[in-house]
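Me: I have a chain here and want to learn how to read its features. Please take me through it step by step.

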Amino acid sequence: MDRVSIGERIRSLRKSMGISQEELAEAVGVSVKHISKIERDEVSFSVGILQRLSEFFKVSSDYIVNGDGRELSVSEIVTWIYKEIYKEKRGK
């Protein structure tokens, strides 16, 4: 486990993608204020938000929380792809 906080890790992921807090908030379904507070480690967040962050950044939830296992497993990637295809077919 590394010494980087969860908020710092999320901020680093966001910046590495070159997106704003507004874009991340919209993608994850929370307010910009909530993203800002998460990045400053001022609030905790639900498992649902953790899952959406993990899917958005294409990293494991373990990486977000502990700094371990940055890459998703093949199984997780395949599951994510199927979910995306299913959403497209349903028009979401």
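Reply: Start with the elements. Helices (H or I, at least four residues) and strands (E, at least two) are DSSP runs, numbered from the N terminus. This is a predicted model: local features need pLDDT of at least 70, side-chain atom pairs count only at pLDDT 80 or more, and totals for chains, interfaces and linings use all residues. Residues are numbered from 1 along each chain as its sequence is written, and side-chain values use heavy atoms, with hydrogens and water left out.

Me: How many helices and strands does the chain have?

Reply: Six helices and zero strands. From the N terminus the order is α-α-α-α-α-α.

Me: Where is Asp41 found?

Reply: In the loop between α3 (32-39) and α4. Asp41 has a positive phi of about 60 degrees, although it is not a glycine.

Me: Which loop holds Lys58?

Reply: The one between α4 and α5 (61-66). Lys58 is not a glycine either, and its phi is positive, near 60 degrees.

Me: How do I read accessibility for these two?

Reply: Use the cut-offs. Buried means under 20% relative accessible area, exposed over 50%, and partly exposed in between (1.4 Å probe, protein chains only). Asp41 is partly exposed, with a relative accessible area of 42%. Lys58 is partly exposed as well, at 39%.

Me: Next, helix packing. What describes a pair?

Reply: Two packed helices are described by the angle between their axes and the distance between the axes. Axes are lines fitted to C-alpha atoms, for helices over the stretch in contact, and angles run from 0 to 180 degrees between N-to-C directions.

Me: At what angle do α2 and α4 pack?

Reply: About 115 degrees, with the axes 9 Å apart. Here α2 covers residues 21-28 and α4 covers residues 47-57.

Me: Is the crossing of α2 and α4 right-handed or left-handed?

Reply: Right-handed. A crossing is left-handed if the near helix is turned anticlockwise from the far one by less than a right angle, and right-handed if clockwise.

Me: Which residues of α2 and α4 meet?

Reply: Contact means heavy atoms within 4.5 Å. From α2 come Leu24, Ala27 and Val28; from α4 come Ile49, Arg52, Leu53, Phe56 and Phe57. These residues divide into seven nonpolar, no polar and one charged. Ala, Val, Leu, Ile, Met, Phe, Trp, Tyr, Cys and Pro count as nonpolar, Asp, Glu, Lys and Arg as charged, and the others, Gly among them, as polar.

Me: Which residues touch the most other members of the largest nonpolar core?

Reply: First the term. A nonpolar core is a set of buried Ala, Val, Leu, Ile, Met, Phe, Trp, Tyr and Cys residues joined through side-chain atoms within 4.5 Å. The largest one has 16 residues, and Ile10, Leu24, Leu53, Phe57 and Ile64 touch the most other members. Each of α1, α2, α3, α4 and α5 supplies at least two residues of this core. The largest share, four residues, comes from α4.

Me: What is Leu24 in contact with, leaving aside neighbours within four places in sequence?

Reply: Its partners include Ile10, Ile35, Leu53 and Phe57, and also Arg14 and Glu39. Arg14 and Leu24 are ten residues apart in sequence and 7.3 Å apart in space, C-alpha to C-alpha.

Me: That brings in charges. What is the general idea?

Reply: Side chains of opposite charge can pair when their charged atoms come close. A salt bridge is a side-chain nitrogen of Lys or Arg within 4 Å of a carboxyl oxygen of Asp or Glu. The structure holds three.

Me: How far apart are the closest N and O atoms of Glu39 and Arg11?

Reply: 3.7 Å. Glu39 lies in helix α3 and Arg11 in helix α1 (residues 6-16), so the pair ties together parts 28 residues apart in sequence. Arg11 is partly exposed, at 25%, whereas Glu39 is buried, at 2%.

Me: Are Glu39 and Arg14 buried or exposed?

Reply: Both are buried. Arg14 has 8% relative accessibility. Glu39 and Arg14 form a salt bridge too, at 2.6 Å, N to O. This pair also joins α3 to α1, so it ties together parts 25 residues apart in sequence.

Me: Which side chain meets Arg40 in a salt bridge?

Reply: That of Glu42, at 2.8 Å, N to O. Arg40 is partly exposed, at 42%, and so is Glu42, at 48%. Salt bridges that share partners join Arg11, Arg14 and Glu39 into one network.
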